[in-house]
Amino acid sequence: MKSMHVETPVPQVDEEEASGARALRVGAFISAQMPIGLYELNVRRTHHPTKPDRELVDRSLVTRSRHRGIPVTWIDRARANAGLVIHLHGGAYVNGESPNHWDWLSDLRRRTGAAASMLHYRMAPEMPFPAAYGDAVEGVLGILEDLDAVSPNWVLSGDSAGGGLALAVVQALRDRGESLPSALLLTSPWADLTGEDPRRTAQIEKDPAVRPDLLARCAAMYADGFPLDDPRLSPLGGDLQGLPPVHLTVGDQDLLLGDSQRLRDALGLADVHVTYLEQPGGWHCYPLVWRGPAAQCARRAQISFVRDALTFDAPVNEGRRAAAH
């Protein structure tokens, strides 16, 4: 078994960080109870690729291109020869990227010095499995093909559903004999769509951001009749041998805490090095949705991990947003 490094979290969550619990809980309840036709209409509105806000990133650094036909939005593509982070956003396979995703990715890009890209895979209900899986695999390979002249040193990252998708992508690359990323950066990964983890029962009332009935609805929409335990859908049940080092961040209030804990243990058994951060009081994807000390602690840990993976030597910029570029 490979060694595991456990990161030190913030001892106590700042009250301001956790102040939006009630609104999140109400929003999640409404989404879960909404008639399926209306819910599908709502999520379809998020299916158009977006760009980071001008206040986050200088517009001159933002470009969009297609790689094997998959749209990708870049931040500072010119730096890809130094290092690259390819991100797969969360959203339960039915929602597109949000401003929180762009805030996190632009912060990661600025404070690591790497180029960053958001891969816009297709989503359910119009494009169920295997669309997202195929787009992510082909999009990553297309990016690497198009950057072949600079031989990029790269990290694959993902949050929530994007975290599970990133894990499935790396398994596919390994199985096909393709080049693997230097590391895998996962935030609250949804790595088991079956919903059979017994630990979820204890988490239901703790996490205001995610509900098991809403996840079950989204899993059914995405899987579209495929078995939920298919490793391409639930990569936690797949072969974890031969994967690159993994950084895994989760909050102990997260509904998907069990996914991260089981993944952590399974990766160790598969001889994969794991860096693990579990934040007391943290909700689902808290490093993306919060802005206080706990989120900054997680981001610093993730940024340091990425810099190490990309063999960057300069110190991390600790400023929140010292400059837009």
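Let me start with His284, which counts as buried because its relative accessibility is 10%, and the cut-off for buried is under 20%. Please keep in mind that this is a predicted model, so I will speak of computed values throughout.

Now, which residues surround it? If we leave aside the neighbours within four places in sequence, His284 is in contact with Ser160, Ser188, Asp207, Ala209, Val210, Asp254, Leu256 and Val289.

Let me now step back to the whole protein, which has ten helices and nine strands. Of its 325 residues, 57% are buried, and His284, as we saw, is one that counts as buried.

What about the overall dimensions? For 325 residues, a compact globule would have a radius of gyration near 20 Å, and the protein has 18 Å, which agrees with that expectation. Taken along the principal axes, the C-alpha atoms fill a box of roughly 50 × 45 × 40 Å.

Finally, the surface and the charges. The accessible surface comes to about 13,000 Å², and 52% of this belongs to carbon and sulfur atoms. There are 33 positive and 41 negative side chains, and the centres of these two sets lie 5 Å apart.

Methods
Residues numbered from 1 in each chain as written. Predicted model: local features only at pLDDT ≥ 70, side-chain atom pairs only at ≥ 80, totals over all residues. Heavy atoms only, no water. Helix = DSSP H or I, 4+ residues; strand = E, 2+ residues; numbered from the N terminus. Rg over C-alpha atoms; globule rule 2.2 N^0.38 Å. Buried < 20%, exposed > 50% of the residue type's maximum accessible area, 1.4 Å probe, protein only. Areas by Shrake-Rupley, 256 points an atom, 1.4 Å probe, with all protein chains shown as cover. Lys, Arg positive; Asp, Glu negative; His and termini not counted. Charge placed at Lys NZ, Arg CZ, Asp CG, Glu CD. Contact = heavy atoms within 4.5 Å.
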